[in-house]
Amino acid sequence: MNPYILITLLFGLVLGTTITFNSSHWLLAWMGLEMNTLAIIPLMAQHHHPRAVEATTKYFLTQATAAAMLLFASTTNAWLSGQWEIQQISHPVPTTMITLALALKIGLAPLHAWLPEVLQGLDLTTGLILSTWQKLAPFALLVQIQPTNSHILIALGLTSTLVGGWGGLNQTQLRKVLAYSSIAHLGWMILVLQFSPSLTLLTLLTYLTMTLSTFLVFKLNKSTTINMLAASWAKAPALTTITPFILLSLGGLPPLTGFMPKWLILHELTKQDLAPAATLAALSALLSLYFYLRLTYAMTLTLSPNNLPGMLPWRLPSTQAALPLALSSSATICLLPLAPAAMAILTP
């Protein structure tokens, strides 16, 4: 892609998200979401592969449906209350519609079916943008409206954690595994959104860091399936030693960084007398942990089929910058000691 076009599209991505962040009016927030969607569409279809075009078409239709639903809900709210302000939404009907529209935008279960299929058709770089940056603007709106219908949020959260766990069990494509991992993590964030928005933002920040590390590792290894992970020892031995910690951190295993948000969320749910929801969420985390362990096993304890003369593949110099991966992997592994500071910040 022409670098000038690429810079323009990336600028459109950043501008759309920034407009949504700074909006207090529903029309401006909707405009920012639309700019964001239109900027990423050419990035998704840039390889002109039929699978990429199919994924782009599915993404466009899904986002257009969610945007139309969001616009209709905000218009309904203005009709019922006379208010276009985001934080003035109070009627349960538009609140529910907006919550479901934003759930469709970010891929919460049971509105998740598009996410694994779309992510599977993209390259790892565009998939990273879709899994991280594209979640920010809808989450900003969810935090601002503070949905008052707790039953919908808890149902969406628990369904997402269960679907994200079950869906990833029998996958062999790494991008689909990461898609179901994203669904499960979004479920944890939605579960605690109405009780502690700051804890939701902490979980989102931790998820972005861990997902960035995972995508960069797979991109450096040029791996798209579980079987391709078996050649990691020969390609990057040092990175292969660190990667299990990144994957187990995604699964929420102590003493890694990913344990912190899940621990705090379970603590908050228990304080809110939602012990059954906390128990179900904790059990669903075991499902996710299983397929992270499966990836770890395939990467570190297996070798790809080969003959004696060709044990090692060529180690070509990587063009990927090492600093982002070094910083994100360090943060993914080592930030659990900051949990007391996080708890002090989150405690009102």
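Visitor: At what angle do helix α4 and helix α7 pack?

Guide: In this predicted model, helix α4 covers residues 92-106 and helix α7 covers residues 136-145. Their axes lie 10 Å apart. The angle at which they pack is about 155 degrees.

Visitor: Are α4 and α7 roughly parallel or roughly antiparallel to each other?

Guide: The angle between α4 and α7 is about 155 degrees. Angles over 145 degrees count as roughly antiparallel. The two helices, α4 and α7, are therefore roughly antiparallel.

Visitor: Which residues of α7 make the contact with α4?

Guide: α4 passes α7 in a left-handed crossing. From α4, the contact involves I98, T99, L102, K105 and I106. From α7, the residues are P138, F139, L141, L142 and I145.

Visitor: How many residues has the largest nonpolar core?

Guide: Y59, V118, L130, V217, F218 and L295 have the most contacts inside this core. A second, separate core includes W26, L102, L136 and I190, and has 30 residues. For the largest nonpolar core, the number of residues is 48.

Visitor: With which residues is L130 in contact, leaving aside its neighbours within four places in sequence?

Guide: L130 is among the residues with the most contacts inside the largest nonpolar core. With those sequence neighbours set aside, its contacts are I40, Y59, L115, V118, L119, L122 and K135.

Visitor: What percentage of residues 95-115 is helix?

Guide: An unreviewed UniProt entry lists residues 95-115 under "transmembrane region". The end C-alpha atoms of this stretch are 24 Å apart.

Technical notes:
Residues numbered from 1 in each chain as written. Predicted model: local features only at pLDDT ≥ 70, side-chain atom pairs only at ≥ 80, totals over all residues. Heavy atoms only, no water. Core = buried A, V, L, I, M, F, W, Y, C linked by side-chain atoms within 4.5 Å. Buried < 20%, exposed > 50% of the residue type's maximum accessible area, 1.4 Å probe, protein only. Contact = heavy atoms within 4.5 Å. UniProt positions renumbered as here; feature names shortened; annotations may be inferred. Helix = DSSP H or I, 4+ residues; strand = E, 2+ residues; numbered from the N terminus. Axes fitted to C-alpha atoms, helices over the stretch in contact; angles between N-to-C directions. Parallel < 35°, antiparallel > 145°, perpendicular 65-115°, else oblique. Left-handed = near helix turned anticlockwise from the far one by under 90°.
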